[in-house]
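Hello,

Here is the structure I promised to pass on to you.

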Amino acid sequence: MRKFLSLLGKGVLALLAIAIIAAAFIQFGPAPTYEEVPIPDLEVEVSPEAIERGLTLVTNNCQNCHRGDESTSLAGRYFDDRQAQKDLGEFYTANITQHPNSAMAGYTDGELYRLLRTGIKRNNEMAIMVMPTWALASEQDIHDIIAFLRSNHPMVAPDPTEHPSHNPSFLAKMLGRVLVKPAPYAETYPERPPLSDSIAYGKYQIDNVNLCFFCHSANIQTVNQLVPDQSPGYLGGGFVYKHLDYDIEVPGLIPTADNNMGKWTIEEFVDALKYGQRPDLPAYKQPMHPYNLLDTAEVRAIHHYLSSLASN
Ligand code: HEC
Ligand code: HEC
């Protein structure tokens, strides 16, 4: 019996030692890398048309996170989501201007493509989870984003802002080892539907490029990135976004009898989405922002799609 107890004690000690070594490895070991995920041989054409389309995509999709604290240039800032900080640690959205010391420095077009599609950075590590990936955008949209980052636009003009190193939590490091994996490349990517196919165009804006479904579904952590409309509570709202200074519940976008979407006319929706002007309501709080570079026709297409989801 005594022998058995002593063996048991040794077993427990051994398990404990393994757990401590595993924890130390997670805390202090190097982050996993994904050099095997190919980098396409790509050189995007920086035409005036591509830059203009890219400006809209970057303003809608990147600027809200990557703008500087005091400027509209993409100099990066402290990430102001309280819950993400509690769970994942403290971190900064990168300086992605053309400054030689920015996070973009040295990136090739192919490396940017891989980052935007899969989440893998130039150093082959995964970007911190809050940086989204665009697994469902058309090839042209991704190329246009890259073209804009290469352009002479003031938003990407060299800005020397530097940020402290990230301070990822143990949880973030553990998730990075066991759960967070690069988004897969698809065999083929969809084309952006023609605006004349209004409902399909609206869905594309919500699911494939602007990622409205991330915030506007039941929970940002349970969305289905690859099949957005199968996310739990798709566009039904209810997620509470914990900003540094306040909590804000994200409203539903599918019109119902009691939400704003169900009450507004299509013109009121256009004013709300494009200009942030809502009848009897104050300006948007972060992280929502007006989408003023979308054409009215594009916003109407978004409304057509959302209306098509209402059950009546
Ligand atoms: C929800 C916030 C958020 C949005 C939206 C976002 N990013 Fe990021 N981005 C981040 C964070 C946080 C980092 C830092 C990631 C890290 O260091 O692991 C980052 C890092 C980067 C980097 C630097 C990667 C490196 O190697 O250090 C690039 C380039 C970048 N983002 C481009 C973009 C582009 C282009 C868009 C829009 C198409 C975009 N991001 C949208 C949060 C965001
Ligand atoms: C990063 C999270 C996030 C993203 C992405 C996002 N929203 Fe929002 N949205 C919010 C939050 C939070 C509010 C509430 C803002 C407030 O009341 O001040 C909001 C409010 C709205 C409202 C007002 C609704 C009402 O009932 O008052 C509309 C309309 C809207 N969003 C549409 C969209 C569309 C369309 C997209 C994509 C093109 C989008 N949002 C992307 C977080 C987001």
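Predicted model: local features only at pLDDT ≥ 70, side-chain atom pairs only at ≥ 80, totals over all residues.

Residues are numbered from 1 along each chain as its sequence is written, while chains are lettered from A and ligands numbered from 1 in the order in which they are written.

Let's start with the domains. The chain is assigned domain 1 (48-178) and domain 2 (198-308); such bounds come from an automatic or database domain assignment. Their C-alpha centres are 22 Å apart. Where they touch, 17 residues of domain 1 are in contact with 16 residues of domain 2 (C-beta atoms, placed from the backbone, within 7 Å). On the domain 1 side, helix H2 (48-61) and helix H4 (82-88) each give two or more residues, and H2 gives the most, with six. Helices here are DSSP runs of H or I with at least four residues, numbered from the N terminus.

Now for ligand 2. It is surrounded by 25 residues (C-beta atom, placed from the backbone, within 6 Å), and the closest are Cys 212, Cys 215, Pro 251, Asn 260 and Met 288. Helices H8 (198-209), H9 (212-216), H10 (260-263) and H11 (266-275) each supply at least two residues of this shell. Which helix gives the largest share? That is H9, with four residues.

Happy exploring!

Note on methods. Contact = placed C-beta atoms within 7 Å.
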